[in-house]
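Please read them with the structure open.

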Amino acid sequence: MDCPRCSVELNEIAHEDSAVQRCAECGGIWVGDAADLNKVLLHANLPALSALGGYVNADEISGMCPACNVDLVVVEGGEKRSLAYDTCESCGGIWVDGTEDEPAAELDWKGATSQVVAFFKAFAKKK
């Protein structure tokens, strides 16, 4: 599977029966299963993805799904809609861009899920 931003091979980070893919170049994370994402969010005392809301930006093109090779859809949210993640309408996968705070160095499961949780905590804020 290739990164939708860098087109380099994504690295799998597995834990028990869940897995995410991470780009060593840009630090972005692909969660291929919304159920895995919901487990991570609920474990961090956040609501499930469907309850976080967000606004689809149909005008923005963000890349191709690494699993299906179809266009990803941009969902905006957070304070003043300043944050966005990409989702695949075909397979339900979610892409979260890497952050400048997190170097693209290799992360373990805890580090990868912490990055995802931090993003969705900020995404859930609606001021």
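Which backbone nitrogen does the side chain of Asn57 reach? The answer is in point 1, and the remaining points go through the rest of this predicted model.

1. **Asn57.** The side chain of Asn57 reaches the backbone nitrogen of Asp59, at 3.0 Å. Asn57 itself lies in strand 4, which covers residues 55–57. Its relative accessible area is 17%. The cut-off for buried is under 20%, so Asn57 counts as buried. Beyond residues up to four places away in sequence, Asn57 touches Val74 and Glu76.

2. **Ser18.** This residue belongs to strand 2. Ser18 has a relative accessible area of 8% and is therefore buried. Two polar contacts involve its side chain. One joins Ser18 to the side chain of Asp36 at 3.2 Å. The other runs from Ser18 to the side chain of Lys39, at 3.5 Å. With neighbours within four places in sequence left aside, Ser18 is in contact with Ile13, Asp36, Lys39 and Trp109.

3. **Strand 2 and its cover.** Strand 2 spans residues 18–22. How many of its five residues are buried? Four of the five are, and the strand is mostly covered.

4. **Strand 1 with strand 2.** Strand 1 takes in residues 11–15 and runs antiparallel to strand 2. Five bridges join the pair. In one of the pairings, Asn11 has Arg22 of strand 2 as its bridge partner. The hairpin of these strands has two residues between them. In that hairpin, Glu16 takes a positive phi near 50°.

5. **Strand 2 with strand 3.** Strand 3 covers residues 29–31. Strand 2 and strand 3 also run antiparallel, and two bridges join them. Arg22 stands opposite Ile29 of strand 3.

6. **Helix 3.** This helix runs over residues 109–124 and has 16 residues. From first C-alpha to last it reaches 22 Å, close to the 22 Å expected at 1.5 Å a residue.

7. **Order of elements.** The chain holds three helices and seven strands. Read from the N terminus, the order is β-β-β-α-α-β-β-β-β-α.

8. **Overall dimensions.** Does the radius of gyration agree or disagree with a compact globule? It agrees, because a compact globule of 127 residues would have a value near 14 Å and the chain has 13 Å. Along the principal axes, the C-alpha atoms fill a box of roughly 35 × 30 × 25 Å.

9. Of the 127 residues, 41% count as buried. Among contacts with a separation of 6 or more, residues 24 or more positions apart account for 50%. The accessible surface comes to about 7,100 Å². Carbon and sulfur atoms hold 48% of that surface.

How values were computed
Residues numbered from 1 in each chain as written. Predicted model: local features only at pLDDT ≥ 70, side-chain atom pairs only at ≥ 80, totals over all residues. Heavy atoms only, no water. Buried < 20%, exposed > 50% of the residue type's maximum accessible area, 1.4 Å probe, protein only. Pairing = 2+ DSSP bridges. Expected span 1.5 Å × (residues − 1). Polar contact = N/O pair within 3.5 Å; in protein donor to acceptor, adjacent residues only side chain to side chain. Contact = heavy atoms within 4.5 Å. Rg over C-alpha atoms; globule rule 2.2 N^0.38 Å. Areas by Shrake-Rupley, 256 points an atom, 1.4 Å probe, with all protein chains shown as cover.
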